[in-house]
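Please keep the structure in view while reading.

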Amino acid sequence: MSKFTRRQFLVFFGSSAAAATLTPKIESGLFGTNGSIAQAQASSSFTPVKLPHPLNAYTQMASAVPTGGNGSTTPTGMGMLSPGQDLNLSAYEVFDDVVVPPEFERYVIISWGDRVFPDSNDYFGYNNDYTSFIPTSSDFSEGFLWVNHEYVSYPISPVAPGTDEDLAAFGSTAPVVLGLDLSTRDRATLGEFLYNLGGSIVFMRKGADGRFTVESRNPFNRRIHGLSGLGINAERTDGYQNVTAWGNRQGDTNFLVGTGPAAADVFPISSDGLGNRIIGTAYNCSGGTTPWGTIMTAEENFQGSEDFFVGVQEEVFPNGTQTEYIEGTTGAEFGLVGEKYGWMVEVAPADPNFRPRKHTSLGRFRHENIAFRIEPGRPAVGYMGDDRRGGHTWKFISSGVVESPTAAVNSSLFDIGTLYVAKLDADGTGEWIPLTLQTRTNPNVPSEIASVELQFRGEAQRDGRVRLPKRAGIAGETEDGGSLIVDLTNEATALPDYRSKTLADFYTSQGAVLVDAFLAANLVGGTPTARPEDVDINPMTGEVFVAYTDGEPGGDGYPDSRIFIVSKYLSDITAPQTSGGLYKIVEDGNDPASRTFTWQNVAKGGEGGALSGAGYANVDNLEFDTLGNVWGVTDMSTSRHNGFTTGANPEAREIDHTTTGSASNLSGVFGNNWLFVIPMSGAMAGEVIPFAYGPVRCEMTGPYFIRNAAGQDDTLLLAVQHPGESVPLGDGVKLARSIPMLSLDGTLFNQERLVPRGSNWPSNIQGDPNGPPKPAVIGVRRVNGGAFI
């Protein structure tokens, strides 16, 4: 056990390059290097929602605490607190609703199961995530809403992946919402699970009340889902030619296609025999919107397993094709070959004749996001993140250049170019490493990336593991394909065989390299990071903001401890927490095609009373408003909300501020997932200001601002994902516990927390207090209209 004191801890980091890991540089130049940023004023035009935990913003601003009565699970009012009042609340009740400031209102635009499509058999999918709006009028009053659908989970079905078998006794929501029985794990149910993934396109229009509503049965309304194009299986000769339907649904021929190297090198040799035709898109998490009006939707957790069986094979051979089907997964059930999933997918909401395409030049990994710099006379550039523990930060640079940023032909720029992985150095500099066959290998070394945790604790979680491509004759292996774990126990014998080579020694083609981008990036020395959940670009400066959501290591890898806090190193209650952070990358010369950059930790996760903690945990999706302020949502694990486990009988988790090593339970102090804004300038610059929190066990995702005719932000779109996930349906039962929390001065206090066990949202705000919980997309606007900020 380390004998470091808190003072030694601070001295170590304060005198080393790794100080950047701990200390956000809150200073006048933090958010921008461009003088125009000074024109972006921080918001004081709303009253922050009072959350359970103390925040520095509450010392300077009044706040509104939601209140209830008569056992209600939704708030019945808002109590006003003056600046500095009741920072350390001794009691707090959490409600099952989207709670917004009193100056604002929220309303449901569309929810899971809504049958708004021309074919009445079609419905809005599950677990909505990224949202976007493609206007069809100059005043932004009408247009196409795009929504991602990421995954399925209880309560949609008692056999959804990861469901506690004891929850079956509490019922499920598919029979009520869809009129379907999804209680048996068969082809009909697995197919319906995949149908619930992908994306939805619906036309909506703003009414006289300032609210957007969906135009039901609009001929442009349509679904793109995990089994789009299943009908082409009829052409196969590998045993899947009869797998063309599920339940009462017959597969169509609305297949997708690929572009780029994998479409040329790998898909023609895929075992499905379908060449460059692809069945469906699924696992769609975040994404981005192009200046020419298309959506890039990100296929994230496509990897299937025995427990999480809605997925495909991730592991591939040196030629880029999957090693095998995984028995029991949807991949094996429908013949979905793994190499065709895990891509960025372009969709054109306004053009139903546009065949969605998977751009393989952008690499195959667990895509969470993409942000663009599309500038005339320059290459098209896209920034991305691989959302896994030890995943990487990416940049694509096209070979061609942009002529007109809004021209649809720009889509072809993503066919040819170079994918780069970021290497972050502890001194705040970095470089982009190309992922090409000619790139020299320089594999990550476990003892180096785990060096900080080793110095403080004398051990490293997961032994600092790195995954590298497994090849016969390398490190004593006898077979090709999949990955080899290299860690502290075998790095001395395994790594020498991986050095002094090129990627061409491990892959047969450029397409194969891109199919296996995660392992190839580890092989060339890309920095393993803390789950990059979103990337967005400051419109005022061009700086790239990255939401690294969680620093703890996992089965896929170990974030570089010289860059990220991967462990609670000391028992001191104010030691830094592993709650991720908001970082920014500044390209040298502000040139998006630069090969070098600098980086900073903008706002570190953790309680406000912890060292350098900004007062939040697990930042996820980002959105910049038109004034240049950055908005973020949190993605705290459902199984830790308010310090309770999931399952039929949620239990209180231990929350101990003296713990060392893995300290993920500390996120329980923060309550439900919530939305915040960090102003870019003014008196509150750099402060985390709460705006809203979401229903029980939900995640709020996909924040997206729709402007008005004056060019001001008018409506905020939010996707409320998985309310009531993995707990019994809402029935009025409430959970109570005491939670130790850090005050802003670094001392502990106890708070009594009261939380609904389950959710009924949004049924409970639509006149049905006992109705089913449903993922939904909402609009948030000022009560009296006008500019959002």
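How many nonpolar, polar and charged residues does the lining of the largest cavity have, by class? The lining has five nonpolar, eight polar and one charged residues. Here Ala, Val, Leu, Ile, Met, Phe, Trp, Tyr, Cys and Pro count as nonpolar, Asp, Glu, Lys and Arg as charged, and the others, Gly among them, as polar.

The model is predicted: local features need pLDDT of at least 70, side-chain atom pairs count only at pLDDT 80 or more, and totals for chains, interfaces and linings use all residues. Residues are numbered from 1 along each chain as its sequence is written, and side-chain values use heavy atoms, without hydrogens and water.

The structure holds three cavities of 30 Å³ or more. On a 1 Å grid over the protein atoms alone, a 1.4 Å probe fits in a cavity but cannot get out; a pocket is an open set of points with protein on both sides within 12 Å along at least five of seven lines; lining residues have an atom within 4 Å of a point. Grid points are joined across faces, edges and corners, and a volume is the space filled by probe spheres set on the points.

| Space | Volume |
|---|---|
| Largest cavity | About 80 Å³ |
| Second largest cavity | About 50 Å³ |
| Second largest pocket | About 1,100 Å³ |

Phe564, Ile565, Gly580, Gly581 and Tyr583 are the closest to the centre of the largest cavity, among 14 lining residues. Residues lining the second largest cavity include His641, Phe644 and Arg757.

The second largest pocket has 39 lining residues; Thr289, Asp536, Glu623, Tyr704 and Arg707 lie nearest its centre.
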